[in-house]
Amino acid sequence: MDVRGSVPPEPVPPVAPDFPRPYEGVWRFTASALDSSVPQARHAVRDLLVRQRVPIDDDLLQGLLLIVSELVTNAVRHAALLSPEIAVEVAVGLDWVRVAVEDNHPYRPKALQVDDADTGGRGLLLVKSVTAEAGGMCDVQQTASGGKVIWAALPLPPGAPL
């Protein structure tokens with residue numbers, strides 16, 4: 001058979017199963033707005049992703065855990081007065097993972113441009129950078145109670161097993 005000049009067939013897009021993968025779901029936990037909650041939240045998220053067998057590679061996992069650390073640190077440092085408790089939510093879909101931190105402080109943070117001599121103020125810049133590098137999205141939203149949720153969603157690697 002002579003295939004010169006023939007056009008290859010269009011690739012067939014993968015069909016999403018009509019059932020959830022075992023790792024899909026939403027998990028939420030609360031923590032006190034204390035410094036000790038930062039590593040606890042990071043470990044809890046890592047353990048959850050491992051336990052659910054989320055198909056995430058190590059680089060993406062480390063980026064996601066850095067995001068969790070930064071978001072929880074920001075809530076502890078800047079919202080604890082009005083929000084002695086924070087909530088951390090992990091949502092995993094077919095091809096993405098999302099982490100969110102909610103507090104009851106109404107202030108809507110902004111990623112600041114900081115001087116190299118500054119020792120702080122880079123948290124949200126780091127979150128935005130890690131999220132963008134992974135091809136994800138992040139945002140801040142007000143809650144109905146007047147607080148805020150800061151979230152980041154990252155794509156899972158393609159070809160995850162069924």
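1. Start with E70. E70 touches G123, L126 and V127, leaving out residues up to four places away in sequence. The residue sits in helix α2. E70 is buried, yet it has no salt bridge. The nearest side chain of opposite charge is R77, and R77 is 6.6 Å away. As a general point, side chains of opposite charge can pair when their charged atoms come close. For a salt bridge the cut-off is 4 Å, so R77 at 6.6 Å does not qualify as a partner for E70. Keep in mind that this is a predicted model.

2. Now the overall layout. The protein chain has three helices and five strands. Along the sequence they follow the pattern β-α-α-β-β-α-β-β. The chain has 162 residues, and 39% of them count as buried. Its accessible surface comes to about 10,100 Å². Carbon and sulfur atoms hold 57% of that surface.

3. Contacts across the sequence. Individual examples follow in the points below.

4. The nonpolar core. Which residues have the most contacts inside the largest nonpolar core? They are L49, I56, V72 and V97, in a core of 35 residues. Six elements are listed as giving two or more residues to this core: α1 (37–51), α2 (58–79), β2 (85–92), β3 (96–103), α3 (123–134) and β5 (148–155). The most comes from α2, which gives ten residues.

5. V97 up close. Set aside its neighbours within four places in sequence. V97 is then in contact with L49, I56, L64, V90, A91, V92, A152, A153, L154 and L156. Two residues of that list, L49 and I56, are also among those with the most contacts inside the core.

6. A search of the whole structure finds five salt bridges. One of them joins E102 and R28, with the closest N and O atoms 2.8 Å apart. This pair links distant parts of the chain. E102 is in strand β3, R28 is in strand β1 (residues 25–32), and 74 residues separate them. R28 is partly exposed, at a relative accessible area of 46%.

7. Salt bridges, a buried pair. K148 forms a salt bridge with D103, and their closest N and O atoms are 2.7 Å apart. Here too the pair links distant parts of the chain: K148 in strand β5 and D103 in strand β3, 45 residues apart. Are these two residues buried or exposed? K148 counts as buried because its relative accessibility is 5%. D103 also counts as buried, because its relative accessibility is 4%.

8. The network. R28, E89, R98 and E102 are linked in a network of salt bridges. Within it, E89 pairs with R98, the closest N and O atoms being 3.5 Å apart. The side chains of R98 and E89 also make a polar contact, at 3.5 Å. R98 lies in strand β3. Apart from residues up to four places away in sequence, R98 touches E89, V90, A91, Q141, W151, A152 and A153.

9. A backbone angle to check. R53 has a positive phi of about 60 degrees, although it is not a glycine. Most residues other than glycine have a negative phi. Where is R53 found? It is in the loop between α1 and α2. R53 counts as exposed because its relative accessibility is 72%.

10. A close approach in a loop. N104 is found in the loop between β3 and α3. N104 and G147 are 43 residues apart along the chain, yet their C-alpha atoms are separated by 3.8 Å. Without residues up to four places away in sequence, N104 touches L82, S83, S145 and G147.

Notes:
Residues numbered from 1 in each chain as written. Predicted model: local features only at pLDDT ≥ 70, side-chain atom pairs only at ≥ 80, totals over all residues. Heavy atoms only, no water. Core = buried A, V, L, I, M, F, W, Y, C linked by side-chain atoms within 4.5 Å. Buried < 20%, exposed > 50% of the residue type's maximum accessible area, 1.4 Å probe, protein only. Helix = DSSP H or I, 4+ residues; strand = E, 2+ residues; numbered from the N terminus. Contact = heavy atoms within 4.5 Å. Lys, Arg positive; Asp, Glu negative; His and termini not counted. Areas by Shrake-Rupley, 256 points an atom, 1.4 Å probe, with all protein chains shown as cover. Polar contact = N/O pair within 3.5 Å; in protein donor to acceptor, adjacent residues only side chain to side chain.
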